[in-house]
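Subject: Structure for your review

Dear colleague,

Please find below the structure that I am handing over to you.

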Amino acid sequence: MTITPPRTLNAKLYIVPTPIGNLEDITLRALRILKEVDLILAEDTRTTGHLLKHFQIEKPLQAHHMHNEHKTIEQIIEQIQKGKTVALVSDAGTPSISDPGFLLVRQCLKAGIEVECLPGPTAFVPALVNSGLPNDRFCFEGFLPQKKGRQTKLNKLKEEDRTMVFYESPFRLVKALEGFADVFGATRKASVSRELTKIYEETKRGTLEELITYFKSKTIKGEIVIVIEGKKPVSEYINEE
Ligand code: SAM
């Protein structure tokens, strides 16, 4: 492993992942970049303000979220073109993964601005690995549409052989699992990871039917990732059981 020595930052956009719960998960490089950039774009400046305070970082913050991103991108690009280094963070995890970021990255690249995404926390990777389901190939579906288009999307996934990963709110968990059971069958294997990296972290594995019964008997709190086995599970290790 080569450790790249610290260097002066170039004017560019840094995508900086932040912890999804446990503050120890922030990387040394993320902290250094946040300390060195000229400006931090934050999904919620209060949430990021608390994080920065914890790590004793003082930096100008600018709000960058789904409600203003279309309007502010041009001005951000101008600032980078004038030589500023800018970091984008979201409330938790990797920006642009079910979070704002994609539009800004795309427009920066169009404008010839270099973009560097640091590796770091994101919820779907630990959920996928913890699930124990094949992960040589998988598809990340993020949040499904809540109403319009949901059933069409699910029907499309009916033939999917890869393990599928979904983000879901705790209030809709049981309903979502019931919807999956209707389309994929009640005996399809799945897992639900809740509150990853936090004190009450829990991963429950079973068939969709078993998971429905388990979560119906509980008050469900916290953040959730659902992982579901594909129709014909794909793994080069699958025959080694
Ligand atoms: N950018 C984030 C990432 O890289 O994972 C995702 C942000 S998205 C707005 C929030 C969703 O991510 C939550 O509703 C949940 O599905 C998932 N999530 C985030 N943190 C989590 C955690 N600690 N445990 C389980 N799921 C989590």
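The notes below set out what was found, beginning with the model as a whole.

This is a predicted model, in which local features need pLDDT of at least 70 and side-chain atom pairs count only at pLDDT 80 or more, while totals for chains, interfaces and linings use all residues. Residues are numbered from 1 along each chain as its sequence is written, and side-chain values use heavy atoms, with hydrogens and water left out.

Overall composition

The protein has 8 helices and 10 strands; helices (H or I, at least four residues) and strands (E, at least two) are DSSP runs, numbered from the N terminus. Its C-alpha trace spans about 55 × 40 × 35 Å along the principal axes. Of the 241 residues, 46% count as buried, a term that means under 20% relative accessible area, with exposed being over 50% and partly exposed in between (1.4 Å probe, protein chains only). Among contacts (heavy atoms within 4.5 Å) between residues at least 6 apart in sequence, 72% join residues at least 24 apart.

The open sheet

An open sheet is formed by 5 strands in the order β3-β2-β4-β1-β5, with parallel pairing. Two strands are taken to pair if DSSP finds at least two bridges between them. Strands of a sheet pair through backbone hydrogen bonds, either parallel or antiparallel. At the edges of this sheet are β3 (61-63) and β5 (115-117), each of which pairs on one side only. From one strand to the next, the twist averages 25°; angles run from 0 to 180 degrees between N-to-C directions, and axes are lines fitted to C-alpha atoms, for helices over the stretch in contact.

Strand β2 (residues 39-42) pairs with β3 in the parallel sense over 3 bridges, and Ala-42 stands opposite Ala-63 in β3. Strands β2 and β4 run parallel and are joined by 4 bridges. The pairing of β1 with β4 is also parallel, over 3 bridges.

Strand β4 and Leu-88

Both faces of β4 are covered: Val-86 and Leu-88 are buried on one side, and Ala-87 and Val-89 are buried on the other. Leu-88 has a relative accessible area of 0%. Within the sheet, Leu-88 in β4 is the bridge partner of Leu-41, and Ile-15 stands opposite Leu-88. Leaving aside neighbours within four places in sequence, the contacts of Leu-88 include Leu-13, Tyr-14, Val-16, His-64, Pro-95 and Leu-104. Leu-88 and Val-105 are 17 residues apart in sequence and 9.7 Å apart in space, C-alpha to C-alpha.

Helices against the sheet

Helix α2 (residues 45-54) lies across β2, β3 and β4 (86-89), running at about 155° to β3. Helix α4 lies across β1 (13-15), β2, β4 and β5, at about 150° to β1. In helix α1 (residues 28-36), the buried residues are Ala-30, Leu-31, Arg-32, Ile-33 and Leu-34; what covers them includes β1, β2, α2 and β4.

Thr-18 is found in the loop between β1 and α1 and is buried, with a relative accessible area of 1%. Not counting residues up to four places away in sequence, Thr-18 touches Leu-51, Val-89, Ser-90, Asp-91, Ala-92, Gly-93 and Pro-121.

Two helix pairs

Helix α3 (residues 69-81) and helix α4 (residues 102-110) pack at an angle of about 40°, with their axes 10 Å apart. That makes α3 oblique to α4; angles under 35 degrees count as roughly parallel, over 145 as roughly antiparallel, 65 to 115 as roughly perpendicular and the rest as oblique. The crossing of α3 past α4 is right-handed, a label used if the near helix is turned clockwise from the far one by less than a right angle, with left-handed for anticlockwise. Residues of α3 including Ile-73, Ile-76 and Ile-77 meet residues of α4, among them Leu-104 and Cys-108. The residues of this contact divide into 7 nonpolar, 2 polar and 1 charged; Ala, Val, Leu, Ile, Met, Phe, Trp, Tyr, Cys and Pro count as nonpolar, Asp, Glu, Lys and Arg as charged, and the others, Gly among them, as polar.

The axes of helix α6 (residues 150-157) and helix α7 (residues 173-184) come within 9 Å and cross at roughly 45°. These two helices are therefore oblique to each other, and α6 passes α7 in a right-handed crossing.

Yours sincerely
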